[in-house]
Amino acid sequence: MSSKKDSELPVPPKSGFSRRGFIRGVGIGSGALGTGLLETEAAAAAPATLGPGPVPITLNINGKPVNLTVEPSVTLIDAMRNYLDLTGAKRVCDRATCGACTVIMAGKTVYACTVLAIDAQGKNIETIEGLATGSALHPVSKAFYDNDAQQCGYCTPGFVMACKGFIDEHPSPTEEDVKHGLGGNLCRCGTYMGIRKAVLQAAKEMKGAVKNG
Amino acid sequence: MQSFEYANPATVQEAVGLLGARWGQADVLAGGTDLLSLMKEHLHEPKRLVNIKNIKELEGIQKTASGLRIGALVTMDELAKNAEVHAAYQSLAEAAAGIPSPQIRHMGTVGGDLCQRPRCWYYRQGFGLFAMKDGKSLIPEGENKYHAIFGGGPAYFVSASSLGPALVSLGARVKLVSAKGTREVPVAKFFVTPASEAAREIALQPNEILTEIIVPAAAVHTATYEVRQKEALDWPLAAASVALTMNGRTVTSAKVVLGHVAPTPWEATGAEAALKGKTITADTAEAAGKAAVLGATPLSQNAYKVTLAKVAVKRALMEAVKTAKA
């Protein structure tokens with residue numbers, strides 16, 4: 001049905017699969033290409049299009065590279081939950097609104113429901129699964145526990161990551177900073193008061209940890 | 001969402017070569033905060049996505065001889081925190097910082113803010129931009145509490161852009177690039193009220209990419225004031241951006257642009273005339289607010305927005321002159 005429409009889109013000057021634009025674009029670097037003939041051939045190729053079928057990608061999650069094969073239309077949250085068994089981040093609104101899917105990508109909090117997995121390549125992705133050190137809770141997780149900052153817990157993994165991202169950016173937040181800094185996450189149980197206290201506690205602890213080396 | 005092919009060009013020239021001649025063939029992906037939601041709702045079903053996030057020439061904020069150049073990929077977070085923007089373009093910094101979600105500020109780009117589709121819930125639910133049924137729009141008698149109070153239809157949605165009003169008030173332009181060449185369009189003319197259901201609410205053509213925003217040097221006092229229902233992620237109910245040129249405490253010229261009240265950022269020429277030659281006080285600011293909403297045509301449920309727009313103008317003016325020297 002759509003074949004006529006497809007043919008109207010400009011065809012990339014060189015058809016077929018070229019890894020050049022792809023690899024360069026995702027920041028893995030040209031080292032992966034090798035040298036010589038392949039390099040010349042790749043440099044001459046037009047930017048390839050990938051998909052719509054599954055394509056191999058590599059994500060760097062919690063410090064480890066993981067390989068998977070997904071369509072370009074698969075979001076980071078679906079890649080994590082459905083392909084990698086990382087079910088901490090939750091898929092709730094799936095529309096960049098509620099924050100339950102929050103992860104930290106390249107040092108910034110983002111909604112994993114609204115990042116394509118293929119676009120998340122070459123960036124460090126931190127998820128709730130990577131926070132604890134062995135059985136020791138991360139200061140943010142511990143502060144949530146200490147301050148009764150969750151009720152049903154469904155928003156908690158996203159909120160903990162949002163709070164960690166916030167503290168990374170604001171190491172000494174005031175109460176007012178905290179109030180305005182967490183506007184990207186919703187808790188339908190209304191545990192905001194506990195969460196705000198938790199952020200202040202965690203920020204203090206994390207600062208201490210840095211000072212103590 | 002429907003499957004698509006994905007392209008990852010490294011230059012603007014490569015990118016525009018991958019776009020289609022008609023809407024619906026290819027979409028440009030930057031922050032994705034609006035586009036991916038549109039695709040999940042099947043409101044956009046592009047055959048190809050052209051990811052522009054790896055195009056270096058679209059990054060960065062530079063001070064130029066004539067003002068400021070803001071690359072399309074600059075995030076709302078970068079804009080809000082940029083020292084130059086803070087110092088000289090307060091209204092722009094405030095509009096970017098006004099987005100309550102850090103995640104959206106981290107992901108969303110300035111180009112995307114200008115190109116995002118309306119949030120009108122009729123549009124988002126698949127009724128189309130005009131929400132027509134049996135030759136009549138459903139909106140004037142329907143659920144219109146967040147719709148336009150200016151413009152008079154048949155487009156009743158409001159422009160969702162956060163930066164639009166501030167950029168119009170500053171006299172900014174956008175650069176649009178296609179395979180055929182480059183054109184510059186004033187932001188005031190970039191936003192258009194579509195004449196038909198099939199038309200777009202921006203001047204961008206399907207084969208073009210918005211590459212940068214050019215903001216002239218601001219010899220003015222500026223501010224943006226947004227009225228919101230809640231602190232968490234949502235769009236403002238009404239907003240006003242003002243840019244004043246002053247001689248001492250006297251306004252020599254004023255730009256007053258309302259947001260979220262019309263299908264485009266809405267220049268309140270009545271308020272601009274009312275401010276000329278005046279000193280900004282609570283009284284003159286209030287009078288300007290009143291002048292700004294003269295001629296508003298609210299719908300069945302949104303007369304309250306007239307009051308909000310009036311107050312937004314007053315508060316933006318009061319804030320703009322906080323730093324004015326006597």
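Before the first stop, a word on terms: two strands pair if DSSP finds at least two bridges between them. Helices (H or I, at least four residues) and strands (E, at least two) are DSSP runs, numbered from the N terminus. This is a predicted model, in which local features need pLDDT of at least 70 and side-chain atom pairs count only at pLDDT 80 or more, while totals for chains, interfaces and linings use all residues. Residues are numbered from 1 along each chain as its sequence is written, and chains are lettered from A and ligands numbered from 1 in the order in which they are written.

**Stop 1: a sheet in chain B**

Select strands β4, β5, β10, β8 and β9 of chain B. In that order, β4-β5-β10-β8-β9, they make an open sheet of five strands with antiparallel pairing. At the edges you'll find β4 (61–64) and β9 (181–186) of chain B, each pairing on one side only. From one strand to the next, the twist averages 25°; axes here are lines fitted to C-alpha atoms, for helices over the stretch in contact, and angles run from 0 to 180 degrees between N-to-C directions.

Now zoom in on β5 (residues 67–71) and β10 (residues 209–216) of chain B, an antiparallel pair with five bridges. Which residue of β10(B) is the bridge partner of B:G71? Click on B:E212 and you have it.

**Stop 2: a sheet across both chains**

Next, show β1(A), β1(B), β3(B) and β2(B) together. They form an open sheet of four strands in the order β1(A)-β1(B)-β3(B)-β2(B), and the pairing is mixed. Its edge strands are β1 of chain A and β2 (26–29) of chain B, each of which pairs on one side only.

Start at the chain A end: β1 of chain A (residues 49–50) pairs with β1(B) in the antiparallel sense, over two bridges. Pick A:L50 and look across to B:Y6 in β1(B), which stands opposite. At the other end, β2(B) and β3(B) run parallel and are joined by four bridges. There, B:A26 stands opposite B:R48 in β3(B).

**Stop 3: where the chains touch**

**Stop 4: domains of chain A**

Colour chain A by domain: domain 1 (13–44), domain 2 (53–127) and domain 3 (131–211), with bounds from an automatic or database domain assignment. The centres of domain 2 and domain 3 of chain A, taken over C-alpha atoms, are 21 Å apart. Between these two domains, 12 residues of domain 2 are in contact with 12 residues of domain 3. On the domain 2 side, β4 (102–105) and β5 (108–111) of chain A are the elements that give two or more residues.

Stay on those strands. β4(A) and β5(A) pair in the antiparallel sense over four bridges, and A:I104 has A:T109 in β5(A) as its bridge partner. Their hairpin has two residues between the strands, and A:A106 takes a positive phi near 50° in it.

**Stop 5**

Most residues other than glycine have a negative phi, and most peptide bonds are trans. Go to A:D94, which is not a glycine but has a positive phi of about 60°. Then try the peptide bond from A:G51 to A:P52: cis, with omega near 10°. Over in chain B, another cis peptide bond joins B:G153 and B:P154, with omega about 5°. B:P154 lies in the loop between β7 (136–137) and α9 (164–169) of chain B.

Note on methods: Contact = placed C-beta atoms within 7 Å.
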